[in-house]
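Welcome! Have a look at the sequence and the structure, then read on.

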Amino acid sequence: MAMMKKKGDRLVFAYYVTGHGFGHATRVVEVVRHLIVAGHDVHVVTAAPDFVFTSEIQSPRLFIRKVLLDCGAVQADALTVDPLASLEMYSKTAVLPRASILATEVEWLKSIEADLVVSDVVPVVCQAAANAGISSVCVSNFSWDFIYAEYVMAAGYDHRSIVWQIAQDYSHCKFLIRLPGYCPMPAFRDVIDVPLVVRRLHKSRAEPAGWNLKKEYLPAGWLCLVCGASENQELPPNFRKLAKDAYTPDVIAASDCMLGKIGYGTFSEALAYKLPFVFVRRDYFNEEPFLRNMLEYYQGGIEMIRRDFLTGRWIPYLERAISLKPCYQGGSNGGEVAACILQDTAVGKHYASDKFSGARRLQDAIVLGYQLQRAVGKDICIPYWYSLAANELSLHTALPTIETTKTTSITEVCTEDFEILHGDIHGLSDTASFLKSLARLDASYDSGKNTKCQMRERVAAAALFNWEEEIFVARAPGRLDVMGGIADYSGSLVLQMPIREACHVAVQKNDPSKQKLWKHVQARQHIDGQGPKPILQIVSFGSELSNRGPTFDMDLSDFLQGEQPISYKKAKEYFARDPAQKWAAYVAGTILVLMRELGVRFENSISIVVSSAVPEGKGVSSSAAVEVASMSAIAASHGLNIAPRDLALLCQKVENHIVGAPCGVMDQMASVCGEANKLLAMVCQPAEVLGLVEIPSHIQFWGIDSGIRHSVGGADYGSVRIGTFLGRKMIKSMASEISSYSLANGNSDWQVCAMNSDEMEKDGRELLEVEASLDYLCNLSPHRYEAVFAKKLPEYITGEAFMEKYVDHEDSVTVIDQKRNYAVRASTRHPIYENFRVKCHYSYSACGLGSDGTDRLVKLVQEMQHSKSYRSGNGSLYGAKITGGGSGGTVCVIGSNCLRSSQQILEIYLQGGQLGKLGNVTDSIIMRIQLWRMDNLMLQIQQRYKDATGFMPFIFEGSSPGAAKFGYLKIRRRSPANPI
């Protein structure tokens with residue numbers, strides 16, 4: 001056994017660098033440089049070009065080994081990550097060859113006689129070091145388990161084992177040297193914080209010598225130095241191309257501001273050299289919000305909207321940037337500090353962080369566990385249940401809770417702040433909370449308290465409205481799918497219950513000359529030189545700390561081509577250009593639909609605030625709630641009286657044609673036409689309301705979130721819909737062929753063709769003629785389907801084979817992929833049977849829309865039904881089924897309206913609602929956190945049941961009125977001198 005080396009001995013370090021970008025390699029350079037200056041050997045394992053290291057370090061003690069052991073994030077372009085491709089590439093790079101990687105690295109580490117393994121932040125090498133009997137340390141501001149957690153939820157749930165494997169790998173290292181701007185990283189047993197790692201300057205500040213850049217992008221007299229331009233790219237005279245091996249820290253220090261995307265290298269150097277940074281947001285770069293928040297906190301960053309970046313509207317951002325006064329005063333010698341820690345660790349010195357390490361890890365586990373089940377658009381730094389408690393400080397996006405006394409009603413609380421000129425809040429506390437949040441915006445704007453501690457969405461919203469003018473408010477709830485589900489687009493009977501959670505939208509229209517404009521919008525109008533023109537400005541609460549832009553703006557003339565509205569196809573392309581602002585299609589798209597379908601012309605500017613409490617990705621129609629509330633408020637502000645059914649159909653056009661999600665109409669109809677504590681009964685042909693079914697007082701419905709994100713825009717939902725329409729077209733074609741054959745050959749031949757003597761009825765030919773022009777599959781009975789068509793439908797068919805024979809599937813909102821294999825028989829059978837009896841849960845699985853989480857929840861309900869307590873009379877749950885578009889989302893449970901039911905719901909949630917198999921330390925931690933959380937929620941739900949009020953996160957309980965029943969509010973802010 002080798003003897004432990006002493007301080008002062010020459011040490012050997014193996015330093016692994018992740019394959020994700022140059023930022024990791026450039027910060028590694030600074031740590032490695034200090035290790036080599038101290039007289040040690042460093043073997044760098046990297047896929048980065050040699051010059052990244054050799055341009056800064058010229059030493060025989062530096063050894064570079066070119067190996068790629070992870071892949072980082074796969075980018076669709078410079079600003080966008082492909083989550084599924086990233087997971088698949090990691091699996092190919094690090095999971096499938098894992099055994100050979102471990103064997104190779106163990107052998108290599110032993111061959112160089114490494115004293116310490118350092119990783120930034122390659123997971124598998126921590127396990128390799130442990131296998132070789134060598135200590136390891138990680139150096140980073142993020143870990144890949146945190147990054148990939150979002151990718152798993154967004155696109156690749158089947159790859160979730162990757163997250164646990166990475167966390168388990170990290171748990172083998174001694175500790176993490178944590179850099180500023182860090183993410184939650186619970187897998188690491190201990191943490192030591194160090195200052196910024198910043199590369200040193202070679203020169204003092206002096207002028208140093210992919211995009212279609214133009215001279216007019218820059219203010220007069222400005223010069224732009226471009227890093228990473230292709231060799232054959234021609235640049236305008238005020239843009240200078242830097243050599244590939246240019247030493248960027250010198251360039252950054254010599255500049256007046258920096259424009260680009262946020263990575264650790266640019267972030268740390270901008271802070272250290274107090275350089276204003278104009279940045280463009282990226283998608284699925286989950287470490288970015290933490291870096292961005294720190295950059296903005298020290299007044300060193302300005303976000304440029306991607307649309308303005310790509311179209312060259314840079315000048316207002318650059319001019320604003322040079323007025324900033326970055327104020328970071330922290331250390332920037334993190335490379336030196338980290339090198340000292342690594343040297344001491346290699347010779348056996350024990351490093352430990354403070355006594356709060358356990359609490360730190362617990363906190364990180366809470367946030368990572370939340371990350372694995374959160375809804376899109378929620379705060380990724382602080383869990384939703386925590387933000388509910390913190391919103392009293394106005395630090396988070398949840399609406400404040402309105403408390404009333406016996407002598408003070410909710411309406412009285414609202415009228416303290418606003419004069420209600422039209423409408424009624426219907427005693428809804430969430431509406432009162434929304435109005436209170438608007439009043440707080442006005443108060444903060446008037447007092448000038450737009451400090452750096454406020455979220456930018458609040459600052460932007462505070463400067464949005466003219467408070468002396470009228471504001472229109474609409475409300476639309478999400479919905480719980482009790483019956484119908486994906487059969488809605490096949491014309492099924494559906495039953496939908498509007499849930500308690502809702503979206504509120506506030507709209508104000510103004511003459512363009514009087515509208516308050518954000519600074520970059522003002523600058524854009526000034527540059528265009530056309531004077532005031534109609535502008536749309538939107539703020540979405542709940543976006544700021546997710547990696548989604550909180551604001552959106554556009555010239556309303558962008559919706560026009562000449563005098564006519566642009567096509568839906570062009571609008572879809574318009575919103576798809578910037579994924580960080582694609583959410584705006586749900587809101588702004590309602591304006592285009594009103595223009596195209598009703599001929600409305602919008603000559604005034606429009607300001608909108610959107611605040612939704614309907615969780616996204618949980619199958620409860622969050623998108624429909626946003627569309628309906630937005631269109632309702634816009635219609636009210638412009639004096640449009642749209643019938644409820646028509647409003648729902650118009651909102652469906654927004655989702656189908658502008659957003660590009662192929663949903664049916666039941667979501668929008670439930671959000672518009674639903675009423676509290678009633679089930680909306682509707683035949684979706686296309687949207688015929690049969691009536692409202694009163695829910696008996698002894699019955700209650702709940703929704704339990706499975707923790708698996710649902711999306712009607714996802715591939716599974718769309719492919720099943722296509723399979724359904726392929727089946728309908730085949731049935732129509734078969735019916736036409738049989739009818740034609742029987743006419744030509746007589747009934748005896750037709751009987752043989754139909755394969756069933758029961759079809760020898762007198763009116764059989766007339767029935768076939770009806771089926772040959774079948775509008776909705778649900779108009780075909782199960783008996784008729786089985787007797788005539790079922791056996792003739794293929795199980796699967798490729799898009800190419802279908803189109804060769806049938807040409808088109810007659811569905812305007814989906815497109816056939818010729819290379820894809822579509823399930824036809826199961827997708828066709830489901831809506832036919834669903835229309836006649838509720839048989840949807842396992843039928844969803846047959847279609848490919850099931851999930852382990854929803855199956856587990858349904859099974860738990862069934863087990864509880866057959867338990868001893870149920871048979872002895874204590875049972876109170878009657879059944880459960882998957883809802884909406886499937887592929888995860890929410891399970892609907894029906895039971896008795898009593899406290900025992902709630903206790904059983906809670907038991908189900910604890911036993912399997914959101915937890916998979918336990919396999920490692922991180923999973924165990926998250927399990928404990930969930931149990932701790934549910935213990936508290938149990939106390940809450942018991943108390944809320946006593947009070948007959950309340951809401952438990954991720955368990956949907958209760959109902960509220962639809963948008964039509966709510967109507968709209970017209971309000972005006974009360975001045976302090978004119979109280980109620």
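Is Ala114 buried or exposed? With a relative accessible area of 11%, Ala114 is buried, where buried means under 20% relative accessible area, exposed means over 50%, and partly exposed lies in between (1.4 Å probe, protein chains only). Please keep in mind that this is a predicted model, in which local features need pLDDT of at least 70 and side-chain atom pairs count only at pLDDT 80 or more, while totals for chains, interfaces and linings use all residues. Residues are numbered from 1 along each chain as its sequence is written, and side-chain values use heavy atoms, with hydrogens and water left out.

**Around Ala114**

- Ala114 sits in the loop between α4 and β6 (116–120); helices (H or I, at least four residues) and strands (E, at least two) are DSSP runs, numbered from the N terminus.
- Not counting residues up to four places away in sequence, Ala114 touches Val12, Ala14, Leu109 and Ile134, with contact meaning heavy atoms within 4.5 Å.
- Val42 is 72 residues from Ala114 in sequence, and their C-alpha atoms are 9.2 Å apart in space.

**The nonpolar cores**

- In soluble globular proteins, nonpolar side chains tend to be buried together.
- A nonpolar core is a set of buried Ala, Val, Leu, Ile, Met, Phe, Trp, Tyr and Cys residues joined through side-chain atoms within 4.5 Å.
- The largest core here has 75 residues, and Leu536, Phe552, Phe559 and Ile608 have the most contacts inside it.
- Helix α21 (residues 584–598) gives this core its largest share, nine residues.
- Leu536 touches Phe552, Asp553, Met554, Leu556, Ala588, Ile591, Ile606 and Ile608, leaving aside residues up to four places away in sequence.
- There is also a second, separate core of 50 residues, which includes Val31, Val32, Ala48 and Ile192.

**Helix α23**

- How far apart are the end C-alpha atoms of helix α23? They are 21 Å apart, which agrees with the 22 Å that its 16 residues (644–659) should span at 1.5 Å a residue; the expected span is 1.5 Å times one less than the number of residues.
- Among the buried residues of α23 are Leu647, Leu650, Val654 and Ile658.
- The cover over the buried residues of α23 includes α20 (568–576), α21, α22 (622–637) and α24 (666–673).
- Just after α23 comes Gly660, with a positive phi of about 95°.

**Aromatic rings and charges over rings**

- The structure holds 22 aromatic pairs: rings of Phe, Tyr and Trp (its six-membered ring) pair if their centres lie within 6.5 Å, and planes under 30 degrees apart count as stacked, over 60 as edge-to-face and the rest as tilted.
- The rings of Tyr489 and Tyr717 make an edge-to-face pair, because their planes are at 90° and their centres 6.1 Å apart.
- Tyr489 lies in the loop between β16 (471–483) and β17 (493–510) and Tyr717 in helix α25 (residues 715–745), so this pair ties together parts that are 228 residues apart in sequence.
- Tyr489 and Tyr717 are both buried.
- One aromatic cluster is formed by Tyr90, Phe142, Trp144, Tyr148 and Tyr151.
- The charged end of Arg458 sits over the ring of Phe541, 4.0 Å from its centre; this needs NZ of Lys or CZ of Arg within 6 Å of the ring centre and within 35 degrees of the ring normal.
- Arg199 lies over the face of Tyr247, at 5.5 Å from the ring centre.

**Salt bridges**

- Side chains of opposite charge can pair when their charged atoms come close.
- The count comes to 35 salt bridges, each being a side-chain nitrogen of Lys or Arg within 4 Å of a carboxyl oxygen of Asp or Glu.
- Glu105 and Arg65 meet in a salt bridge through their side chains (2.9 Å, N to O).
- Glu105 lies in helix α4 (residues 98–111) and Arg65 in strand β3 (residues 62–66), so the pair ties together parts that are 40 residues apart in sequence.
- Glu105 is buried at 2% relative accessible area, and Arg65 counts as buried at 18%.
- Asp555 and Lys533 form another salt bridge (3.1 Å, N to O).
- Salt bridges that share partners also join Glu30, Arg33, Glu56 and Arg200 into one network.
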